[in-house]
Amino acid sequence: MDKSNRLFLKSKRSFRRRLPPIQSGDRIDYKNMSLISRFISEQGKILSRRVNRLTLKQQRLITIAIKQARILSLLPFLNNEKQFQKNDLTTRTITSLKKK
């Protein structure tokens, strides 16, 4: 094949369809922690619709379920694990300095 004909050929990439994040049997509820935890970032923020690949109705239901779980103390409002680790390190160094 000469170079002029090669320009018009489509590349043969495999098209792989992703599975939807919420299956038809999944119930969006504040008690379903395994489902809800998939839509929260490491910092504890609710992920956007583009990231989640959800429909508008599903995103609304997920948001309501997350907020209900936070109010009922099933989920933290903020995920401050890193902050707690920093505080532990600073208190350890301060106490070790005082002992010397």
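The model is predicted, so local features need pLDDT of at least 70, side-chain atom pairs count only at pLDDT 80 or more, and totals for chains, interfaces and linings use all residues. Residues are numbered from 1 along each chain as its sequence is written, and side-chain values use heavy atoms, without hydrogens and water.

Is R70 buried or exposed? R70 counts as buried because its relative accessibility is 13%. Buried means under 20% relative accessible area, exposed over 50%, partly exposed in between (1.4 Å probe, protein chains only).

I then listed what R70 touches (heavy atoms within 4.5 Å). Leaving out residues up to four places away in sequence, R70 meets G44, K45, I46, L75, P76 and F77.

I followed F77 next. F77 sits in the loop between α4 (56-71) and α5 (81-99). F77 has 53% relative accessibility, so F77 counts as exposed.

F77 also belongs to a nonpolar surface patch with I71, L72, L74 and L78. Together they have about 560 Å² of accessible area, by the Shrake-Rupley method with a 1.4 Å probe, where for residues only the protein chains shown count as cover.

Last, I checked the whole chain. I found five helices and zero strands. Of its 100 residues, 18% count as buried. Among contacts with a separation of 6 or more, 49% join residues 24 or more positions apart.

Conventions:
Patches are made of residues with over 30% relative accessible area and no salt bridge: like charges are joined within 9 Å, nonpolar side chains (Val, Leu, Ile, Met, Phe, Trp, Tyr) within 5 Å. A salt bridge is a side-chain nitrogen of Lys or Arg within 4 Å of a carboxyl oxygen of Asp or Glu. Helices (H or I, at least four residues) and strands (E, at least two) are DSSP runs, numbered from the N terminus.
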